[in-house]
Amino acid sequence: MSRLLNDQISGLLSGDVRNKSNRIKSLRSYHKKPPEVMVKISGHCKNMAHIQSHFEYISRNGQLDVEDELGQVYQDTDDLHQMAKQWCSDTSSTKSNTRHTTHIVLSMPNGTEPKSVKQAARAFAKNTFADNYQYVFALHTDTDSPHVHLTIKNLGFDGKRLHVKKGLPQIWREHFACELERLGIAAEATPSLRKWIQIRNYFYRTEQER
């Protein structure tokens, strides 16, 4: 090896890291934590009028697309009202306080591409609910954080009702974060210690029930 080449290699190895050809990002940016996803239960509907009002809200009175589990898109409020009527009539419960729907909000911080949030929410809903539940969802961009309103009909095709156990929302957060990462969007779903214990207990009970 020539002395000149040897000197060049020695210089690279002994020089400041910022001057090396394989330099990495600064320590501050390299350790920057990915944004946290948000998945929360926002409410329920107990009668047809309530569901109709909710559909009007998520569709902004027909101004926004509302998509169902089959990929069909609705904008006409009359069609949404008819769906609300069908969801209420097709029930196995006669109790006045029956929860006919469960509402979930899936959100990402400001700066996330709204179309990607919707695409990830679509995949999350399909993988989580489509096998047994009807649902609709709509993307909202009227706040700093793009978010999707997902409304699920609680009565499943198998006749059983959706029951959200403790720890399940955190599992949903992780699934939603995975769908975002599939699209190349950095996302995190870090549970608190309390949530971690709930998730551990949920899986423990599930194993015991098998």
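Which elements do the buried residues of α5 pack against? They pack against β2, β4, β5, β6 and α6 (168-182). The views below set this helix in its surroundings.

**View 1. Overall fold of the predicted model.** This is a predicted model, in which local features need pLDDT of at least 70, side-chain atom pairs count only at pLDDT 80 or more, and totals for chains, interfaces and linings use all residues. Residues are numbered from 1 along each chain as its sequence is written, and side-chain values use heavy atoms, with hydrogens and water left out. The protein has 7 helices and 6 strands. Helices (H or I, at least four residues) and strands (E, at least two) are DSSP runs, numbered from the N terminus. Their order is α-α-β-α-β-β-α-β-α-β-β-α-α. Of the 210 residues, 38% count as buried; buried means under 20% relative accessible area with a 1.4 Å probe, protein chains only. Among contacts (heavy atoms within 4.5 Å) with a separation of 6 or more, 72% join residues 24 or more positions apart.

View 2. Helix α5 covers residues 114-129. Its 16 residues reach 22 Å from first C-alpha to last, close to the 22 Å expected at 1.5 Å a residue. That expected span is 1.5 Å times one less than the number of residues. Buried here are S116, V117, K118, A120, A121, F124, A125 and F129.

**View 3. The largest nonpolar core.** A nonpolar core is a set of buried Ala, Val, Leu, Ile, Met, Phe, Trp, Tyr and Cys residues joined through side-chain atoms within 4.5 Å. The largest has 28 residues. F129, L150 and F176 have the most contacts inside it. β4, α5, β5, β6 and α6 each give two or more residues to this core. Leaving out residues up to four places away in sequence, F129 touches I104, F124, Y135, L150, I152, L162 and W172. Another core, of 13 residues, lies apart from the largest one and includes F55, I58, A84 and W87.

**View 4. Helix α3, its buried side and its ends.** In α3 (residues 48-58), I51, Q52, H54, F55 and I58 are buried. They lie on the same side of α3, because they cover an arc of only 160° around the axis. The arc is taken from the directions from the helix axis to the C-beta atoms. These buried residues pack against β1 (38-45), β2 (66-68), α4 (77-89), β4 (101-107), β5 (135-140) and β6 (147-153). N47 caps the N-terminal end, with a side-chain oxygen 3.2 Å from the backbone nitrogen of A49. R60 follows α3 and has a positive phi, near 50°.

Notes: Buried < 20%, exposed > 50% of the residue type's maximum accessible area, 1.4 Å probe, protein only. Polar contact = N/O pair within 3.5 Å; in protein donor to acceptor, adjacent residues only side chain to side chain.
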